[in-house]
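Good morning, colleagues. Please keep the structure in view as I speak.

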Amino acid sequence: MSNLEELYEDRMLEILATSLERIAFVVTDPLDLPPDHDPDRHASISFDSEGLCGDIYLSADDIFLGELASNLLGVDEDEVSDEERHQALTELANIVGGEIIVALGAAEDDFRLGLPQRVEGLPSESGEMRCASVESDSGLLHVRVDPR
Amino acid sequence: MNGKVLIVDDSPILRRSMRRALEQIGVTGEDVHEAGHGQAALEELERFPATLVLLDLNMPVMNGEEFLTELKNRPEYRDLAVVIVTTESNSGRLMRLSNLGITGFLHKPFEPEDLREIAGQALGLAS
């Protein structure tokens with residue numbers, strides 16, 4: 001099914017909720033991203049297959065990443081370092097990226113996932129991109145899938 | 001407890017999270033070593049007699065499949081248990097890995113309990 005049009009927001013929200021709950025017991029609710037909201041950190045991971053390639057971007061608030069890293073490491077949030085917040089987002093990009101390519105057909109088609117990396121900001125929006133956002137008690141996480 | 005575990009994953013925070021889960025089944029600090037990619041893992045195995053490798057696939061330098069292929073070419077590691085911990089979902093690729101001889105798969109995202117269970121089984125620990 002290597003078709004971005006089939007990647008619905010509901011599926012992306014489900015991926016975010018399930019991934020966060022399984023790895024770190026972070027419970028989230030869907031959210032419409034406020035247009036003026038500018039998350040603190042970003043990470044990306046590329047994917048490619050014969051029929052489709054692109055990039056997946058994750059963006060989150062520091063406070064959200066503090067909760068995520070705290071739960072992953074079993075430490076208090078005030079013990080989480082700046083570097084650990086970045087690491088939490090980068091690993092989440094890897095996990096969410098893996099689930100998104102499954103939604104695009106990776107179980108049967110030959111998809112390849114790149115290595116996750118931190119990025120300083122997001123590229124300009126395109127008409128074909130797919131987005132979803134969630135919020136936890138502490139903050140906000142946004143995912144965006146950009147075809148190339 | 002004689003289980004010795006090598007965690008091979010390029011994510012430092014996930015390695016620490018996995019180390020934490022292993023501590024909860026009695027596999028403590030000195031019995032757990034880490035490597036950030038396959039080449040580092042091969043070097044670590046020369047110093048650290050692991051009985052179980054928890055292996056990510058998508059890594060820089062030497063990925064998990066390359067590491068596993070190299071490992072299976074070395075008779076001294078024939079009995080080493082390998083659990084693949086991965087986001088990989090392609091059925092053909094998973095079958096190819098399975099044919100290389102592995103102990104199990106753990107799909108990311110996983111709960112700590114899932115890791116404790118599969119590692120405990122591989123190490124022969126009572127759950």
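This is a predicted model: local features need pLDDT of at least 70, side-chain atom pairs count only at pLDDT 80 or more; totals for chains, interfaces and linings use all residues.

I begin with the lining of the largest cavity, whose residues comprise eight nonpolar, one polar and no charged. In this classification Ala, Val, Leu, Ile, Met, Phe, Trp, Tyr, Cys and Pro count as nonpolar, Asp, Glu, Lys and Arg as charged, and the others, Gly among them, as polar.

Residues are numbered from 1 along each chain as its sequence is written, chains are lettered from A and ligands numbered from 1 in the order in which they are written, and side-chain values use heavy atoms, with hydrogens and water left out.

Which residues line the largest cavity? From chain A they are A:Ile23 and A:Leu72, and from chain B they are B:Leu14, B:Ser17, B:Met18, B:Ala21, B:Phe110, B:Pro112 and B:Leu115. A cavity here is a set of points, on a 1 Å grid over the protein atoms alone, where a 1.4 Å probe fits but cannot get out; a pocket is an open set with protein on both sides within 12 Å along at least five of seven lines; and lining residues have an atom within 4 Å of a point. The structure holds one cavity of 30 Å³ or more, and the volume of the largest cavity is about 60 Å³. Grid points are joined across faces, edges and corners, and a volume is the space filled by probe spheres set on the points.

Two elements of chain B, α1 (12-23) and α5 (112-123), each give at least two residues to this lining. The largest share, four residues, is that of α1(B). Helices (H or I, at least four residues) and strands (E, at least two) are DSSP runs, numbered from the N terminus.

I turn now to the pockets. The largest pocket contains about 340 Å³ of space. Its lining consists of 20 residues, and those nearest its centre are A:Arg112, B:Leu57, B:Asn58, B:Glu88 and B:Arg93. At least two lining residues come from each of α3 (82-103) and β4 (112-113) of chain A and α3 (64-72) of chain B. By class, the lining has seven nonpolar, eight polar and five charged residues.

The second largest pocket has a volume of about 300 Å³. Of the 19 residues that line the second largest pocket, A:Leu33, A:Glu125, A:Cys131, A:Ser133 and A:His142 lie nearest its centre. Here β6 (130-135) and β7 (140-147) of chain A are the elements giving two or more residues, and β6(A) has the largest share, with three. The lining divides into nine nonpolar, five polar and five charged residues.

Next, the interface. How many residues of each chain are in contact? For chain B the count is 24, and for chain A it is 28, contact meaning heavy atoms within 4.5 Å. The area buried between the chains is about 2,200 Å², with carbon and sulfur atoms giving 49%; buried area is the accessible area (1.4 Å probe) that two parts lose on being put together, summed over both.

Five salt bridges are counted between chain B and chain A, each requiring a side-chain nitrogen of Lys or Arg within 4 Å of a carboxyl oxygen of Asp or Glu. B:Glu111 pairs with A:Arg22 in a salt bridge whose closest N and O atoms are 3.7 Å apart.

Over all chains, the whole structure has 21 salt bridges. Within chain A, the side chains of A:Arg41 and A:Asp82 form a salt bridge at 2.3 Å, N to O. A:Arg41 belongs to strand β2 (residues 41-48) and A:Asp82 to helix α3 of chain A, so this pair ties together parts that are 41 residues apart in sequence.

Finally, two points of backbone geometry. The peptide bond from B:Lys108 to B:Pro109 is cis, with omega near 5°, and B:Pro109 lies in the loop between β5 (104-107) and α5 of chain B. In chain A, A:Phe25 has phi near 55°, a positive value in a residue other than glycine; A:Phe25 is placed in the loop between α1 (9-24) and β1 (29-30).
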